[in-house]
Amino acid sequence: NESALVPGQMAELLLGDIALNEGINQLNTDREAGEKRLTEAKNHYSEARNAADNPRLRERATLGLARYYESMGLLDESIKEYKT
């Protein structure tokens, strides 16, 4: 039942957004902690994308992954995700 999965996928996206923003903010003051939060964001976005049947949720998770790679300075991977 797709409608039962959507709230969980949306929660994964929200958790990814929170971790991404916190990680980006921490990079300048505590790089190790910032990278840890960014990795958590990546995991949330990956989980949401892997579970998403809804194209909009999948696209939103892909955007989050692109932003993760961009934040980590992995520009080739980021461009690949943006083009997906």
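Accessible areas come from the Shrake-Rupley method with a 1.4 Å probe, and for residues only the protein chains shown count as cover.

This is a predicted model, in which local features need pLDDT of at least 70 and side-chain atom pairs count only at pLDDT 80 or more, whereas totals for chains, interfaces and linings use all residues. Residues are numbered from 1 along each chain as its sequence is written, and side-chain values use heavy atoms, with hydrogens and water left out.

**Overall architecture**

- The chain has four helices and zero strands; helices (H or I, at least four residues) and strands (E, at least two) are DSSP runs, numbered from the N terminus.
- Along the sequence, the elements follow the pattern α-α-α-α.
- The radius of gyration of the chain is 13 Å, which agrees with the value near 12 Å that a compact globule of 84 residues would have. This radius is taken over C-alpha atoms, and the globule rule is 2.2 Å times the number of residues to the power 0.38.
- Taken along the principal axes, the box filled by the C-alpha atoms is roughly 45 × 25 × 15 Å.
- Of the 84 residues in the chain, 29% are buried. Buried means under 20% relative accessible area, exposed means over 50%, and partly exposed lies in between (1.4 Å probe, protein chains only).
- Among contacts (heavy atoms within 4.5 Å) between residues at least 6 apart in sequence, 47% join residues at least 24 apart.

**Salt bridges**

- Side chains of opposite charge can pair when their charged atoms come close.
- The structure holds five salt bridges, each defined as a side-chain nitrogen of Lys or Arg within 4 Å of a carboxyl oxygen of Asp or Glu.
- One of them joins the side chains of Arg60 and Asp17, at 2.5 Å from N to O. Arg60 lies in helix α3 (residues 55-71) and Asp17 in helix α1, so the pair ties together parts that are 43 residues apart in sequence.
- Which of the two words, buried or partly exposed, applies to Arg60? Arg60 is partly exposed, because its relative accessible area is 27%.
- Asp17, by contrast, counts as buried at 18% relative accessibility. Setting aside residues up to four places away in sequence, Asp17 touches Tyr45 and Arg60.
- Another salt bridge links the side chains of Glu22 and Arg37, also described by an N to O distance of 2.5 Å. Glu22 lies in helix α1 and Arg37 in helix α2 (residues 31-51), so this pair ties together parts that are 15 residues apart in sequence.
- Glu22 is partly exposed, with a relative accessible area of 35%.
- Arg37 also meets Glu40 in a salt bridge between side chains, at 2.2 Å from N to O. Arg37 and Glu40 both lie in helix α2, three residues apart, which is about one turn of the helix.
- Glu40 is partly exposed, with a relative accessible area of 26%. Salt bridges with shared partners join Glu22, Arg37 and Glu40 into one network.

**Helix α1**

- Helix α1 covers residues 2-26 and includes Asp17.
- Ile18 is also found in helix α1, where Ile18 counts as partly exposed at 38% relative accessibility.
- Leu14, Leu15 and Ile18 form a nonpolar patch on the surface, with about 260 Å² of accessible area together. Patches are made of residues with over 30% relative accessible area and no salt bridge; like charges are joined within 9 Å, and nonpolar side chains (Val, Leu, Ile, Met, Phe, Trp, Tyr) within 5 Å.
- Ala11 belongs to helix α1 too, and Ala11 is partly exposed at a relative accessible area of 36%.
- From C-alpha to C-alpha, Ala11 and Asn28 are 27 Å apart in space and 17 residues apart in sequence.

**Helix α4**

- Helix α4 covers residues 75-83 and includes Lys80; Glu81 lies in helix α4 as well.
- Is Lys80 buried or exposed? Lys80 counts as exposed, because its relative accessibility is 59%.
- Glu81 is buried, with a relative accessible area of 10%. Apart from neighbours within four places in sequence, Glu81 is in contact with Arg49, Thr62, Leu65, Ala66 and Tyr69.
- The C-alpha atoms of Lys80 and Ala66 are separated by 7.8 Å, and the two residues are 14 residues apart along the chain.
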